[in-house]
Amino acid sequence: MEIKTADEETQSRIDQKQPLLRETTFIPSRDEKTLIQKAISQTFRSTANLANLLPTGTVLAFQLLSPIFTNQGNCDSISRYLTAGLVALCGLSCFLQSFTDSFRDSQGNVSYGFATFRGLWVIDGSVELPPTVAAKYRLRFIDFLHAFMSILVFSAVALFDENVVNCFYPTPSDQAEEILTSLPVAIGVFCSMLFVVFPTKRHGIGFPVSAN
């Protein structure tokens, strides 16, 4: 018969009460984030939603070519010029495509054109709209507002691209880093408010096709 001493019984009780994992062990959860992390996460989601307001082809081309042109953020003088040209061309594309629109002909085919002060200039020239119908597609002041906002939104998307930022600002100062973080947020809030107040009715190149 096994006989336990008093010390062994005491140690046995302590072992039974002690859990396998100490209660003092703290594993931080993903929900417990700092205010900065929450702001950055929210900003990324807002920027992703704003990117839906841009031509999908332009955004996709920028996202595909950015790592190549910037050499994964390790830019030399030539890569820096190429990246600047890529950003400029994509911004110009967003600006010009804000003046495009689409319609369906009698056979249901989609045709695209540029809005002018006289109406809609069909790109391929396959269809000629009647003057009364073309008048609905005339340029308006809100088209220039949307084009300007498209450039701002694309600049915010470019500023959130780590490769582009590292290319032009490899070692930013504290003040520059604060500006690079807060400026896209301000652009996103400003443009989202304007897009809600002044929504676009055009269905141009790179945007959802018109149902009419």
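**Strand pairing, helices and burial in a predicted model**

In strand β2, the bridge partner of Ser102 is Tyr112, where strands (E, at least two residues) and helices (H or I, at least four) are DSSP runs, numbered from the N terminus. The model described here is predicted, so that local features need pLDDT of at least 70 and side-chain atom pairs count only at pLDDT 80 or more, whereas totals for chains, interfaces and linings use all residues. Residues are numbered from 1 along each chain as its sequence is written, and side-chain values use heavy atoms, with hydrogens and water left out.

The pairing of Ser102 with Tyr112 belongs to a set of five bridges that join β1 to β2, two strands that run antiparallel; strands are taken as paired if DSSP finds at least two bridges between them. In the hairpin formed by β1 and β2, five residues lie between the strands, and Gly108 takes a positive phi near 85 degrees. Strand β2 (residues 110-115) is also joined to β3 by three bridges, again with antiparallel direction, and Ala115 has Leu120 of β3 as its bridge partner.

Along the sequence, the protein chain follows the pattern α-α-α-α-β-β-β-α-α-α-α, with eight helices and three strands. Helix α6 (residues 141-159) has 19 residues, which at 1.5 Å a residue should span 27 Å, and its end C-alpha atoms are 28 Å apart, in agreement; the expected span is 1.5 Å times one less than the number of residues. Buried residues of α6 include Asp143, His146, Met149, Leu152, Phe154 and Val157. Helix α8 (residues 174-197), with 24 residues, should span 34 Å on the basis of 1.5 Å a residue, which agrees with the 35 Å between its end C-alpha atoms. In α8, the buried residues are Leu180, Pro184, Ile187, Gly188, Cys191, Leu194 and Phe195.

An unreviewed UniProt entry lists residues 141-159 and 179-198 for "transmembrane region", an annotation of a kind that may be inferred rather than shown by experiment. In the model, residues 141-159 are 100% helix and 0% strand, while residues 179-198 are 95% helix and 0% strand, with end C-alpha atoms 28 Å apart.

Asn163, found in helix α7 (residues 162-168), is buried, with a relative accessible area of 16%. When residues up to four places away in sequence are not counted, Asn163 touches Ser66, Pro67, Thr70, Gln72 and Gly73, contact meaning heavy atoms within 4.5 Å. Across the protein chain, residues 24 or more positions apart account for 66% of the contacts with a separation of 6 or more. Of its 212 residues, 30% count as buried, and the accessible surface comes to about 14800 Å², of which 62% belongs to carbon and sulfur atoms, as computed by the Shrake-Rupley method with a 1.4 Å probe.

Methods: Buried means under 20% relative accessible area, exposed over 50%, partly exposed in between (1.4 Å probe, protein chains only).
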